[in-house]
Amino acid sequence: MFPGISSSFLLLAAVLGPVAGGPQTGLRPDMTDQELFWGTDQYDFSVVLPAAGLECFWHFAHRGERFYLSFMVQWVTGVGHDRHLSVTINAPSSELLSTVNDAKGQINFEAQETGFYQMCFSNFHNRFATMQVFLSFGVYYEGYQEEKKKEEEASKDLNNTLSFIEDATHKVEKHVFHIFRYYNFGRMRKSADYFLLLSNSRYVTRWSVALSLLVVTSGYLQLLFLRRLFVTRGGGAEEEKPRC
């Protein structure tokens with residue numbers, strides 16, 4: 001009925017092909033992993049580890065970048081209350097790079113390989129206790145100045161003013177990045193102190209209530225005992241004298 005529309009539709013389908021309507025499996029097919037994940041980035045969040053639980057995360061880093069990880073146990077609930085956390089970092093080639101077994105710590109190293117680095121956090125010390133851990137990790141690049149000097153030597157006609165502004169901007173970005181790193185670690189300590197304060201407050205409140213009930217109960221029992229010492233029983237011609 002509509003030969004013009006049918007021919008246009010077939011022509012459009014032939015141009016787009018069968019892939020246009022299908023699912024896209026890659027994030028950016030036109031870019032490699034190195035181009036896709038290049039740049040300074042950081043992440044910070046909290047994760048809850050169950051009893052004897054294990055959680056692993058992966059983060060991309062290029063060779064020459066600085067990889068850092070900061071962690072701190074915020075609270076532990078359950079039986080045992082062991083605040084030690086087992087942390088391991090593996091390279092993309094599955095080589096063990098670093099391991100820490102403590103309630104808090106910082107790991108910082110230069111990436112020797114390009115790929116995804118694995119971070120695993122294990123709560124195997126506590127078989128019957130759950131813990132919450134605050135994490136802050138990321139990568140930053142410190143080789144910008146050396147590459148910039150090589151580029152300036154290669155191109156003599158580069159504008160000095162723009163180069164100076166660009167260098168100053170990168171220095172400011174680097175300092176701001178490290179400021180946020182130390183700020184996140186300070187926030188870790190503050191949150192850990194806050195949860196410790198709440199835990200101590202609940203502990204003191206529970207023991208205060210328990211001791212108050214114990215004192216009231218012991219006073220009531222002593223009063224009953226003293227009253228029974230002065231009880232007199234009437235019966236017959238003779239009346240029993242008080243026992244006290």
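Trainee: Which residues of the largest nonpolar core touch the most other members?

Mentor: This is a predicted model, where local features need pLDDT of at least 70, side-chain atom pairs count only at pLDDT 80 or more, and totals for chains, interfaces and linings use all residues. Numbering starts from 1 along each chain as its sequence is written, and side-chain values use heavy atoms, with hydrogens and water left out. A nonpolar core here is a set of buried Ala, Val, Leu, Ile, Met, Phe, Trp, Tyr and Cys residues joined through side-chain atoms within 4.5 Å, and buried means under 20% relative accessible area, exposed over 50%, partly exposed in between (1.4 Å probe, protein chains only). Of the 26 residues in the largest such core, those touching the most other members are Phe67, Leu69, Leu85, Val87, Phe121 and Val133.

Trainee: Which element gives the largest share of this core?

Mentor: Helices (H or I, at least four residues) and strands (E, at least two) are DSSP runs, numbered from the N terminus. Strands S1 (41–49), S3 (66–79), S4 (85–90), S6 (104–110), S7 (115–122) and S8 (128–140) each give two or more residues to the core. The largest share is six residues, and they come from S8.

Trainee: How many of the 13 residues of S8 are buried?

Mentor: Look at what pairs with it, bearing in mind that two strands pair if DSSP finds at least two bridges between them. S1 runs antiparallel to S8 with nine bridges, and S3 is also antiparallel to S8, with 13 bridges. S8 is largely enclosed by the rest of the structure, because its buried residues number eleven.

Trainee: Which residue in S8 does Tyr43 stand opposite?

Mentor: Let's follow the pairings with S8. Arg66 faces Tyr140 in S8. For Tyr43, the residue opposite in S8 is Phe137.

Trainee: Is His59 buried or exposed?

Mentor: His59 sits in strand S2 (residues 54–61). Contact means heavy atoms within 4.5 Å, and, not counting residues up to four places away in sequence, His59 touches Asp41, Tyr43, Phe67, Gly115, Phe116, Tyr117, Met119, Phe137, Gly138 and Val139. Its relative accessibility is 6%, so His59 counts as buried.

Trainee: Where is Ser94 found, and is it buried or exposed?

Mentor: Ser94 has a positive phi, near 70°, in a residue other than glycine. Ser94 is in the loop between S4 and strand S5 (96–102). Its relative accessibility is 63%, so Ser94 counts as exposed.

Trainee: What is the phi of Ala52?

Mentor: Ala52 is in the loop between S1 and S2. At 36% relative accessibility, Ala52 counts as partly exposed. Although Ala52 is not a glycine, its phi is positive, at about 55°.

Trainee: Which residues make the nonpolar surface patch of about 560 Å²?

Mentor: Areas come from the Shrake-Rupley method with a 1.4 Å probe, and for residues only the protein chains shown count as cover. One member, Leu211, lies in helix H4 (residues 160–229) and counts as partly exposed because its relative accessibility is 46%. The patch is made by Tyr203, Val204, Trp207, Leu211 and Leu214.

Key: Patches are made of residues with over 30% relative accessible area and no salt bridge: like charges are joined within 9 Å, nonpolar side chains (Val, Leu, Ile, Met, Phe, Trp, Tyr) within 5 Å. A salt bridge is a side-chain nitrogen of Lys or Arg within 4 Å of a carboxyl oxygen of Asp or Glu.
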